[in-house]
Amino acid sequence: MATVPPQAAHDPYQALRFRDFRLIFIARLLATMGTQMVGVAVGWELYDRTSSYLALGLVGLVEVIPIFLLALPAGHIADRYNRKRIMMITQGALTLCSFGLAAVSFAHGEIALMYVCLFGIGITNAFLAPAYGALFSQTVPPESFQNAATWSSSSWQLAAVFGPALGGLVIGWQHKAGLVYLIDMLFGITAFGLVATIKGREIVRSIEPATRESLAAGVNFIWNTKVILAAITLDMFAVLFGGAVALLPVYAKDILGVGPEGLGWLRAAPSIGAVLMAFTLAHRKPFERAGRTLIIAVIGFGLATIVFGLSRSFILSLAMLGLLGALDNISVVIRGTLLLVRTPDAMRGRISAVNNMFLSASNELGGFESGLAAQLFGPILAVVGGGVMTILVVLTVAAMWPEMRGLGRLSDEDQTQRS
């Protein structure tokens, strides 16, 4: 009678045992913490100076325009040139943009100059995101991809817990936003140094010239890989319509009355939920039915958005935002693992660039959509209506792509790295 070999014990810290992954984990943690602090500072300063919902929504629009314009060439550059060097250059550029925001804030300069700095941040993010997505895959072997995707999400979410809270505390202490931008500069310089020491495993890089076909290769790959397309579509439209975060300054100041310190905790709450979920996912076995889990999670995201929109209780609002973050993190891990497992090494930059366009569309355009809807219909109806639309989108995607409904264990996907 044949014996079945025992399965290796699940190691929840597998990816963290690799030096390069630890370096990029900490670098992303610090850089994102600074970015989250800046998000709180910009939102508070703009609303405090303008009292305009639309001014908040324009932040997302200004940052997303350069990403749409530059994402495809940025992805091609990430596949063809040294990804670590690209990350270092863009991290340095982000530090300069933070210096610009600090200068405008301390001098009480024109609001238009803040949008110029935010536009610069959008340009640098267009190049940073695909370079990070491509370099990230070089810090661990393929068998650690799912665990790495979980911990990568954790680094972002940990930063999004402490960044907004710290940003809100600094603003409450100083009654100004300028110091927040200077702290972001310090974090950015440290992240630059950490990335500089990453070695990375050798991979086959693209040698294709920048033709229309090579630039569009990432779009074509995702379009033809239906399960990835469905996962990205779910995430994009859920956050697009459920983008309550852009209106948190309004809720903090006018609806819940909790001030800048409360705003920091409201901004941190989704990430607290996401971090708790990330630790849970790291210690549990892989999803047996990843597709069904993703669909249920995004429906729950829509329901939590509706409850948050109607809430007048600070505690209930924090709880719903925490639930939003926890459910969203399930989507992030499933989508991130699919991209790592199914993407050829030579195309990682271009596919990361396309994924970044989808994410930017959901996050930044979602902020613009929320600001515009609040301007037209009021903030409460904007948030509640967004939650309803999220649920309708999930049902539509589940009906259109049966591949998503049938997606099983992510670890059973083909992990062969194609060149």
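## Helix 3 and its ends

A polar contact is a pair of N or O atoms within 3.5 Å; within protein, one must be able to donate a hydrogen and the other to accept it, and residues adjacent in sequence count only if both atoms are side-chain atoms. Helices are DSSP runs of H or I with at least four residues, numbered from the N terminus. This is a predicted model, in which local features need pLDDT of at least 70, side-chain atom pairs count only at pLDDT 80 or more, and totals for chains, interfaces and linings use all residues. Residues are numbered from 1 along each chain as its sequence is written, and side-chain values use heavy atoms, leaving out hydrogens and water.

Where helix 3 starts, the backbone nitrogen of Lys84 lies within 3.0 Å of a side-chain oxygen of Asn82. After helix 3 comes His108, with a positive phi near 55°.

## Helix 12 beside helix 13

Helix 12 (residues 290-310) and helix 13 (residues 314-342) have axes that come within 9 Å and cross at roughly 155°. Axes are lines fitted to C-alpha atoms over the stretch in contact, and angles run from 0 to 180 degrees between N-to-C directions. Helix 12 is therefore roughly antiparallel to helix 13 (angles under 35 degrees count as roughly parallel, over 145 as roughly antiparallel, 65 to 115 as roughly perpendicular and the rest as oblique).

## Helix 1 against helix 11

Helix 1 (residues 19-50) packs with helix 11 (residues 259-283) at about 135°, their axes 11 Å apart. So these two, helix 1 and helix 11, are oblique to each other. Contact means heavy atoms within 4.5 Å; Gln36, Gly39, Val40 and Trp44 in helix 1 meet Gly259, Pro260, Leu263 and Arg267 in helix 11.
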